[in-house]
Amino acid sequence: GGGVFVANQMVVLTLEARDCFGNMRWQGADDVRCSTGACGNGQDSGVLVDDIRNGEYDIRFVPQYTGHHTLSLSVAGLDVAGSPFPFEVVSAPSAAENCIAYGPGLQSVTLNASNYFTIEAYDGLGNKKATGGDYFNVQVRSNLGHLGRINKVHDHANGTYTVYYIA
């Protein structure tokens with residue numbers, strides 16, 4: 001359960017304060033506390049609470065790390081029903097400067113034959129991509145400037161791509 005958010009993008013949620021009978025409160029100044037935590041690595045990101053002064057509170061945070069997280073909410077020292085709330089953070093768009101390439105086709109090449117290497121995609125925050133769908137403009141050049149021919153870039157739909165080329 002829970003929401004899905006993108007790393008490095010602002011999340012804004014609204015909390016409606018209610019009295020013990022479930023009626024909406026029409027004034028602010030409640031002691032609203034929030035925190036986020038990443039399951040497993042203990043990372044915590046800063047959470048801002050804005051009192052709208054009508055019984056509503058905007059909760060803002062920017063998740064940085066991919067994976068499973070929780071949002072804990074309390075009002076006047078009491079946990080909000082259902083807290084902590086689970087949510088998932090997925091990677092932001094891939095950033096070329098963080099992607100890495102490795103494999104046999106980058107170490108030694110067989111001329112006039114199929115060679116390959118792997119690209120591993122990462123977002124701008126260094127989170128490994130867990131999904132595919134990226135487009136890579138790939139060129140293969142020798143030390144002498146000879147250009148290879150790209151046959152195929154295979155998307156494994158998990159953040160890795162195999163590049164097949166003829167040198």
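Predicted model: local features only at pLDDT ≥ 70, side-chain atom pairs only at ≥ 80, totals over all residues.
Residues are numbered from 1 along each chain as its sequence is written, and side-chain values use heavy atoms, with hydrogens and water left out.

**Strand 10 and its partners**

I took strands as DSSP runs (E, at least two residues), numbered from the N terminus. Two strands pair if DSSP finds at least two bridges between them. Strand 9 (residues 100-102) pairs with strand 10 over three bridges, in the antiparallel sense. Strand 12 (residues 160-166) also runs antiparallel to strand 10, and seven bridges join them. I checked S114 there: its bridge partner in strand 12 is I166.

Is strand 10 mostly covered or mostly open? Strand 10 (residues 114-120) is mostly covered, with five of its seven residues buried. Buried means under 20% relative accessible area, exposed over 50%, and partly exposed in between (1.4 Å probe, protein chains only).

**Sheet 2-5-4**

Next I traced an open sheet of three strands, in the order 2-5-4, with antiparallel pairing. Its edge strands are strand 2 and strand 4 (47-51), each pairing on one side only. The twist averages 25° from one strand to the next. For that angle, axes are lines fitted to C-alpha atoms, and angles run from 0 to 180 degrees between N-to-C directions. I counted six bridges between strand 2 and strand 5. One pairing I noted is V12 with R60 in strand 5.

I then stopped at D58, which sits in strand 5. D58 counts as buried because its relative accessibility is 15%. Its side chain makes a polar contact with the side chain of T14, at 3.0 Å. A polar contact is a pair of N or O atoms within 3.5 Å; within protein, one must be able to donate a hydrogen and the other to accept it, and residues adjacent in sequence count only if both atoms are side-chain atoms. I also listed the contacts of D58 (heavy atoms within 4.5 Å). Leaving aside neighbours within four places in sequence, they include V12, L13, L48 and V49.

**Cores**

Which residues have the most contacts inside the largest nonpolar core? They are L15, C34, I59, F61, L73 and F87, in a core of 16 residues. Such a core is a set of buried Ala, Val, Leu, Ile, Met, Phe, Trp, Tyr and Cys residues joined through side-chain atoms within 4.5 Å. Strands 2, 3, 5, 6 and 8 each give two or more residues to this core. Strand 5 gives the most, with three. Apart from this core lies another, of 10 residues, among them F117, I119, A121 and Y161. Back at L15, I found contacts with V32, I59, V75 and V80, among others.

The peptide bond from S83 to P84 is cis, with omega near 5°. I placed P84 in the loop between strand 7 (78-79) and strand 8.

Phi of N112 is near 55°, positive in a residue other than glycine. N112 is in the loop between strand 9 and strand 10. At 70% relative accessibility, I logged N112 as exposed.

A157 is not a glycine, yet has a positive phi of about 60°. A157 lies in the loop between strand 11 (149-155) and strand 12. With 53% relative accessibility, A157 also counts as exposed.

Notes:
Helix = DSSP H or I, 4+ residues; strand = E, 2+ residues; numbered from the N terminus.
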